[in-house]
Amino acid sequence: FFCMEGWSNHGTRNRCYDFWKSYSYCLSQAEKVNNSNCKILKEDYLECLTAKKEFDRHWDVIAEARKKKMTPPVVIHHT
């Protein structure tokens with residue numbers, strides 16, 4: 001639950017905290033507005049935590065390069 005507190009295990013600001021704050025605020029306002037408006041914020045937060053879409057895209061690019069017998073591009077991961 002460090003992300004909810006805004007701090008990482010190393011004592012620095014968590015990289016996903018801003019996404020969490022936006023999503024949390026949306027949920028707190030959900031009684032006043034349509035809760036479905038928070039869906040995009042939830043997706044952004046979960047992508048920040050897991051990078052699932054990023055990794056899926058990475059493997060798609062590698063698979064396509066292998067089909068074409070090309071050298072796959074080098075991916076630089078940002079932290």
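Visitor: Which residues form one aromatic cluster?

Guide: W20, Y23 and Y45 form one aromatic cluster. A word on the source before we go on. This is a predicted model, where local features need pLDDT of at least 70, side-chain atom pairs count only at pLDDT 80 or more, and totals for chains, interfaces and linings use all residues. Residues are numbered from 1 along each chain as its sequence is written, and side-chain values use heavy atoms, with hydrogens and water left out.

Visitor: How many aromatic pairs does the structure hold, and what describes a pair?

Guide: The general idea comes in two parts: the distance of the ring centres and the angle of the planes. Rings of Phe, Tyr and Trp (its six-membered ring) pair if their centres lie within 6.5 Å; planes under 30 degrees apart count as stacked, over 60 as edge-to-face and the rest as tilted. The structure holds three aromatic pairs. One of them is W20 with Y45: the centres are 5.3 Å apart and the planes are at 50°, so this pair is tilted. W20 sits in helix α2 and Y45 in helix α3, 25 residues apart. Helices here are DSSP runs (H or I, at least four residues), numbered from the N terminus.

Visitor: Are W20 and Y45 buried or exposed?

Guide: Both W20 and Y45 are buried. Buried means under 20% relative accessible area, exposed over 50%, and partly exposed in between (1.4 Å probe, protein chains only). Y23 and Y45 also form a pair, and this one is stacked: 6.4 Å centre to centre, with 20° between the planes. Y23 lies in helix α2 and Y45 in helix α3, so the pair ties together parts 22 residues apart in sequence. Y23 is buried too.

Visitor: What is a disulfide, and how many are counted?

Guide: A disulfide is a covalent bond between the sulfur atoms of two cysteines. The cut-off used here is a pair of cysteine sulfur atoms within 2.5 Å. The count comes to two disulfides. One joins C16 to C48, with S to S at 2.1 Å. C16 lies in the loop between α1 (2–5) and α2 (17–28) and C48 in helix α3, so the pair ties together parts 32 residues apart in sequence. The torsion about their S-S bond is about -95°, so the C16 to C48 disulfide is left-handed. Both C16 and C48 are buried.

Visitor: Which residue forms a disulfide with C26?

Guide: C26 is bonded to C38, their sulfur atoms 2.0 Å apart. C26 is in helix α2 and C38 in the loop between α2 and α3, twelve residues apart. Both are buried. Number the bonded cysteines in sequence order, and the pairing reads 1-4, 2-3.

Visitor: How many salt bridges are there?

Guide: Side chains of opposite charge can pair when their charged atoms come close. The rule asks for a side-chain nitrogen of Lys or Arg within 4 Å of a carboxyl oxygen of Asp or Glu. The count comes to four salt bridges. Among them is D56 with K52, at 2.7 Å from N to O. Both lie in helix α4 (residues 52–67), four residues apart, about one turn of the helix. D56 is partly exposed at 36%, and K52 is exposed at 51%.

Visitor: Which residues are linked in a network of salt bridges?

Guide: E64, K67 and K68 are linked in such a network. The closest N and O atoms of K67 and E64 are 4.0 Å apart. K68 meets E64 at 3.7 Å, N to O. K67 is exposed at 65%, K68 is exposed at 53%, and E64 is partly exposed at 35%.

Technical notes:
Helix = DSSP H or I, 4+ residues; strand = E, 2+ residues; numbered from the N terminus.
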